[in-house]
Amino acid sequence: MLKAMKSARALYLCLALMLLMLAGSYSVYAAQAAAKTATYTVTHIEAELVSNDHVGNEWETEAEVNGKPLGAGDKITLKLKSSDKIKLEVTAGEMDKIPDIGTAAKSVAVSGISSSKTVTITATVTENRGRYSGNTAVWKFVFRIQKG
């Protein structure tokens, strides 16, 4: 009788271990499915000087997508999880001895992009010296984000 009980206990233990292993592999599969990535293409459409109240006339603009530089007309492809964000950073600078610089940034949640989204960022540059000190120039940067 003891031998039969020990065999039954061993059988139950084996079944319990198999169920735990199956549950563990299911959770790994579920985690992998949740971490699935998709491809997103970010295009820097343009950088446009919208207004300029005596700030300057020689300009330089820069844009970054997730820390990578992107020129006007250029595009970059990113593989991201649905929980990730795309960080867009822009800079406009008037080039003189003491440059006037304006920056702006925006984060876009990937989960909010179903197919395509246009994002506009405005950077304001303020004159820092001279008789026009305090005047501003406004730059508009336009990006398109496409899924797939």
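This is a predicted model: local features need pLDDT of at least 70, side-chain atom pairs count only at pLDDT 80 or more; totals for chains, interfaces and linings use all residues.
I looked up H44 to begin with, and its bridge partner in β8 is F143. Residues are numbered from 1 along each chain as its sequence is written, and side-chain values use heavy atoms, leaving out hydrogens and water.

Next, the strands (DSSP runs of E, at least two residues, numbered from the N terminus). Strand β1 (residues 37–52) pairs with β8 in the antiparallel sense, over eleven bridges; pairing takes at least two bridges found by DSSP. I also found eleven bridges between β8 and strand β7 (residues 116–126), again antiparallel. One of the residues I checked there was K117, whose bridge partner in β8 is I145.

Then I went after aromatic pairs (ring centres of Phe, Tyr or Trp, using Trp's six-membered ring, within 6.5 Å; planes under 30 degrees apart are stacked, over 60 edge-to-face, the rest tilted). The search of the whole structure gave me one. W59 and W139 sit edge-to-face, 5.6 Å centre to centre with 65° between the planes. W59 is in strand β2 (residues 59–65) and W139 in β8 (residues 136–147), 80 residues apart.

Buried or exposed, I wondered about W139? W139 is buried at 8% relative accessible area, where buried means under 20%, exposed over 50% and partly exposed in between (1.4 Å probe, protein chains only). W59 counts as buried too, at 19%.

Last, V65 in β2: buried, at 0%. Its contacts (heavy atoms within 4.5 Å) include V42, L88 and F143, not counting residues up to four places away in sequence.

Key:
Helices (H or I, at least four residues) and strands (E, at least two) are DSSP runs, numbered from the N terminus.
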